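Morning, everyone. I have one structure for you today, and I will go through a few parts of it in turn.

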Amino acid sequence: MNRRMIVASFATEEDILGVTRAAHADGLKIVDVYAPYAVHGLDTAMGMKRSRLAWVCFAAGMIGAILKLWFEFWTAGVDWPVNVGGKPWNSLPAYVPVTFEVMVLSAGLVTVFVFLVISKLKPGKSPVLLAEGITNDTFVLAIEQEDATFDPVRVRKLLERFNVRSISERYGEEVS
Amino acid sequence: MADSTVVLRPPLIDGNKTFAQVTDDVCRGMEGKPTPLWWASFLTAFAVLLLGAAAVAYLVTTGIGTWGANRTVGWAFDITNFVFWIGIGHAGTLISAVLFLLRQRWRTSVNRAAEAMTLFAVMCAGLFPVIHLGRPWMAYWIFPYPNTRGPLWVNYRSPLVWDAFAISTYFTISLVFWYVGLIPDLATVRDRATEGLKKKLSGIFSLGWNGSTRTWSRYEVVYLLLAGLATPLVLSVHTIVSWDFATSVIPGWHTTIFPPYFVAGAIFSGLAMVLTLMLVARKTMRLEEYITIRHVEVMCKLIIATSGMVGLAYATEFVTALYSGNPYEQFAFLNRAFGPWGWAYGIMVSCNVIIPQLLWSKRIRTNIAIVFIISIFVNIGMWFERFVIIVTSLHRDYLPSSWADYRPTPIEIAILAGTFGLFFSCFLLFCRFLPVIAMAEVKGVLNEGREPAHGHGHAEAAGKRAGLPAPTGALEGARG
C-alpha cells in the first residue's frame with residue numbers, strides 16, 4: 001500500500017475532536033486518529049459506524065449455552081444416566097447454573113478473541129506509532145492525500161485552526 | 001468570554017495533572033530499584049507463603065486427619081477460608097463492572113488494583129476445595145471430559161459441580177477483563193521502557209497497540225460487553241457458593257435467604273479489603289492525588305450500605321428461624337447466638353453491623369487511620385461470619401449423642417496464614433511490575449483538554465480543595 005499521509009499532532013482532547021469533525025465535514029479522507037485514551041465521540045467524529053461486536057457476543061453466548069445444555073442432557077440422561085436420589089433424568093432447573101456460567105465464559109472469550117483479530121492485535125506485534133507520545137499525551141490525526149482534490153494549503157489552514165503542534169508527511173506506511 | 005461557560009465536573013484527581021504527569025506518576029513505582037519497605041513486605045509475605053506451602057505439603061502427605069474437622073463438624077476451617085476469600089474476590093468485579101455500568105467515574109483510580117486483588121483472592125479461594133479433596137492431583141475429575149471410566153460424567157445436579165464451573169469461569173473472565181484493561185497501559189510502559197526485558201515483555205503483551213481510534217472504539221464496546229457479562233457473573237458466583245449450603249437439609253443452612261445474603265456479604269468484605277489495600281497503597285506509593293479522600297469516602301458509604309444489607313440478613317434469618325415453628329431451626333439459631341460459639345457470633349455482629357455505623361460521621365470517614373482500622377474490623381468480622389455459619393450449624397446436629405466441638409489445628413491455621421502470604425506476595429509483585437492505576441482511564445476523567453482555552457486559572461483553584469466535590473462546575477475562572 002503506497003499512500004501519502006499528512007500526520008498532525010495535537011495536545012488536547014478538544015482540539016483533536018474539533019479537527020476530526022472539521023476534517024470529516026470537509027470531506028478529507030481520515031486514515032485514523034490516535035489517542036492516549038478513549039476519547040468519547042472521536043469515533044463518530046471520524047465517521048465510524050457502531051461496532052457489531054455486541055452481536056458476536058450475543059451469538060457466542062447463545063451457542064455456548066445451547067451446546068452446554070445439550071451436553072448436560074446427553075451426559076446425564078442419555079450416555080450414562082445415573083440415578084441421584086431418584087431425581088428425573090432431565091433435571092432442567094439443576095442444569096441452569098452451569099449453562100449460565102458456560103454462556104458467560106464463551107461470550108466473553110469469543111468477544112475478546114474476535115476483537116483482537118479484527119483489530120489486528122497479536123502478541124509480539126511491533127506497533128506502528130505515527131508520532132512519539134501517542135501512548136502518553138499526544139493526539140494524532142492522519143489524513144490521506146488524495147490526488148486530484150487535495151489542497152495542502154487549505155488542509156494546513158484547517159489544522160492550524162485547532163492549535164496543531166506539528167505536521168509531517170509520511171509515505172507508504174502500513175497503519176493500524 | 002461570557003458565552004464560553006461550560007459545566008465541568010469537579011475534578012476526580014487532585015493536583016491538576018497533565019496527561020504526561022499521570023504517566024510519570026503511575027510509572028514511577030515501576031521504575032528504579034524497589035524500596036527497602038517493598039523488599040521487607042515482600043520477603044515477609046513470601047516467608048508466610050512458604051510456611052503455608054509447607055503446611056499444605058504436610059497435609060497432602062499425611063492426610064486430612066491433620067485437621068480438627070471431625071465426623072460431626074465435617075466442614076470447618078477449610079470451607080470457611082474458601083468462602084472468605086471468594087467473598088473478597090467480589091469487590092474487584094463490582095468496582096470494575098458494576099460501577100462501570102453505573103457510570104461511576106471515580107472507579108478509574110481503584111479498578112485496576114481491585115481487579116488484581118480479585119484475581120489473587122480467587123486464587124487463594126480455589127486452593128481450599130482442592131486441598132480438601134485429600135488427593136488434590138485428581139481435582140480435574142470435577143470437569144466432564146472423555147475418560148476411561150465409562151466415560152463417567154459429572155453430576156450436574158450437584159452444587160459442588162456448579163461451584164467448580166462458577167469459580168473457574170469467574171477467574172477466567174476476571175483475568176480477561178483485567179488484561180483487556182491493561183493492554184493500553186502496557187503499550188505506555190512499552191513506549192517508556194528503555195531496558196531489554198521490560199521492553200520485550202511489555203512489547204509482547206501490549207499486542208502492538210498503537211492508540212488507533214478504530215481500535216479504541218471497538219475496545220470500548222468490548223469493555224462494555226465484558227462489564228455486562230461480569231455483572232450477572234459476580235452475582236451468580238456467590239449465589240452458587242451459597243447453594244453449597246442452602247441445598248442441604250442442615251438447619252441454619254437450608255434457607256432461601258442465602259443467595260442475596262452471601263452476595264451482600266461478599267461485596268461488603270471485598271470492599272473492606274479493597275479499602276485496606278488502597279489506604280496502604282496510596283500512602284506507600286505516594287498516590288494520594290489519585291486515590292483521594294473523596295474515593296475513600298465513597299468506599300466508606302458503600303461499606304455502610306452493604307453493612308446494612310448484611311445486618312438486615314442477620315435479623316431476617318433469625319426472625320425467620322424463630323417464627324418457623326421448626327424446633328431444629330429455632331435451636332440452630334439460639335445455639336448460634338447463645339451457645340458455646342456465642343462469642344464468635346458476637347464478633348460477627350459487632351464487626352459487621354455495629355462498628356461500620358461509625359462511618360455515618362463525615363469526620364470519621366475522612367480520618368484515614370480510623371477508616372483503616374474499621375476496614376480491618378470488617379475483614380475480621382466477615383471471616384467470623386462464615387465460620388459461624390459453617391461450624392455452629394454443624395457442631396450440634398439432630399442427635400445430641402453426636403454433638404462435638406471443633407478446634408482448628410496449627411496446620412489449618414498455617415494454611416490460612418499461607419493464603420495471606422500468597423495474596424500479599426502476588427499483590428506486591430503486581431504493585432512493582434504493572435501499572436497500579438489505569439492510566440488510560442484516569443486520563444479520560446481529567447479535566448485537561450476540556451477547559452475553554454482562556455480559563456487556565458480555575459482548575460488549579462478547584463484542585464486545591466483537596467478533592468472535596470466542588471458544588472458546580474468549577475468554571476467561574478473562565479468567565480472573566
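**Helix contacts in chain B**

In chain B, the α12(B) residues B:Ala344, B:Tyr345, B:Ile347, B:Met348, B:Cys351 and B:Asn352 meet B:Phe377, B:Val378, B:Ile380, B:Gly381, B:Met382, B:Phe384, B:Glu385, B:Phe387 and B:Val388 of α14(B). Contact here means that two C-beta atoms, placed from the backbone, lie within 7 Å. The residues of this contact divide into twelve nonpolar, two polar and one charged. Nonpolar covers Ala, Val, Leu, Ile, Met, Phe, Trp, Tyr, Cys and Pro; charged covers Asp, Glu, Lys and Arg; the others, Gly among them, are polar.

Before going on, the conventions. This is a predicted model, in which local features need pLDDT of at least 70 and side-chain atom pairs count only at pLDDT 80 or more, while totals for chains, interfaces and linings use all residues. Residues are numbered from 1 along each chain as its sequence is written, and chains are lettered from A and ligands numbered from 1 in the order in which they are written. Helices (H or I, at least four residues) and strands (E, at least two) are DSSP runs, numbered from the N terminus.

Back to the pair. Helix α12 (residues 342-354) and helix α14 (residues 368-394) of chain B have axes that come within 8 Å and cross at roughly 140°. Axes are lines fitted to C-alpha atoms, for helices over the stretch in contact, with angles from 0 to 180 degrees between N-to-C directions. Under 35 degrees counts as roughly parallel, over 145 as roughly antiparallel, 65 to 115 as roughly perpendicular, and the rest as oblique. The crossing of α12(B) and α14(B) is left-handed: the near helix is turned anticlockwise from the far one by less than a right angle, clockwise being right-handed.

A second pair in chain B is α5 (residues 111-132) with α6 (residues 159-192), whose axes come within 10 Å and cross at roughly 155°. These two are therefore roughly antiparallel to each other. The crossing of α5(B) and α6(B) is left-handed. Among the α5(B) residues that meet α6(B) are B:Leu119 and B:Val122, and on the α6(B) side they include B:Phe171 and B:Trp178. By class, the contact has ten nonpolar, four polar and two charged residues.

**The sheet in chain A**

In what order do the strands of the chain A sheet lie? The order is β2-β3-β1-β4, an open sheet of four strands with antiparallel pairing. Two strands pair if DSSP finds at least two bridges between them. At the edges are β2 (29-34) and β4 (166-171), each pairing on one side only. The twist averages 20° from one strand to the next.

Strand β1 (residues 4-10) is joined to β4(A) by six bridges, and to β3 (residues 139-144) also over six bridges. A:Val7 has A:Ser168 as its bridge partner in β4(A) and stands opposite A:Ala142 in β3(A). Five of the seven residues of β1(A) are buried, so the strand is largely enclosed by the rest of the structure. Buried means 20 or more other C-beta atoms within 10 Å of a residue's own, exposed 12 or fewer, and partly exposed in between, with C-beta atoms placed from the backbone.

**Between the chains**

Last, the contact between the chains, which takes 59 residues from chain A and 55 residues from chain B. On the chain A side, the largest share, 17 residues, comes from α4(A).
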